Amino acid sequence: MASEQGLVRLWKTKRIQQALTSHLVNHDLTACPLVCRKFAVYIAPILFADIEIRFGSSTFNGSSRMAALERIGGHV
């Protein structure tokens, strides 16, 4: 537990973040939360910084589709 806190504290250093993200590909960055669950909070903005979603005119007609959007919307 203490090593996780140290790792998260190190990640919060802007210089370390920039150095690591410039050398890691997205596949490696997506694996980081598997190392430490707290990383998901800090890595998500980096991973989702450039996301494109295309919707059609009938994409969210059904209530189940709207419910799905409500579940995932906060994460994106």
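Student: Which residues is Gln 17 in contact with, leaving aside its neighbours within four places in sequence?

Tutor: Contact means heavy atoms within 4.5 Å. By that reading, Gln 17 is in contact with Trp 11, Lys 12 and Ile 46, once neighbours within four places in sequence are set aside. Please keep in mind that this is a predicted model, where local features need pLDDT of at least 70 and side-chain atom pairs count only at pLDDT 80 or more, while totals for chains, interfaces and linings use all residues. Residues are numbered from 1 along each chain as its sequence is written, and side-chain values use heavy atoms, with hydrogens and water left out.

Student: Does Gln 17 count as buried or exposed?

Tutor: Buried means under 20% relative accessible area, exposed means over 50%, and partly exposed is in between (1.4 Å probe, protein chains only). Gln 17 counts as buried because its relative accessibility is 14%. Across the protein chain, buried residues make up 11% of the 76 residues.

Student: Where in the fold is Gln 17 found?

Tutor: Gln 17 is found in helix H2, residues 14-23. Helices (H or I, at least four residues) and strands (E, at least two) are DSSP runs, numbered from the N terminus. The protein chain has five helices and zero strands, so its elements read α-α-α-α-α from the N terminus on.

Student: Which residues form the largest nonpolar core?

Tutor: Think of a nonpolar core as a set of buried Ala, Val, Leu, Ile, Met, Phe, Trp, Tyr and Cys residues joined through side-chain atoms within 4.5 Å. Here the largest one has seven residues: Val 8, Trp 11, Leu 29, Cys 32, Cys 36, Phe 39 and Ile 43. At least two residues of this core come from each of helix H1 (2-11), H3 and helix H4 (39-47). Take Phe 39 as a case: not counting residues up to four places away in sequence, Phe 39 touches Leu 7, Val 8, Trp 11, Cys 32 and Pro 33.

Student: What separates the C-alpha atoms of Thr 30 and Leu 47?

Tutor: These two residues are 17 residues apart along the chain, and 7.6 Å separates their C-alpha atoms. Thr 30 is found in helix H3 and is partly exposed, because its relative accessible area is 44%. A polar atom of the Thr 30 side chain also lies 2.7 Å from the backbone oxygen of His 27.

Student: Why does Val 35 count as exposed?

Tutor: Val 35 counts as exposed because its relative accessibility is 58%. Val 35 is found in helix H3, residues 26-35.

How values were computed: Polar contact = N/O pair within 3.5 Å; in protein donor to acceptor, adjacent residues only side chain to side chain.
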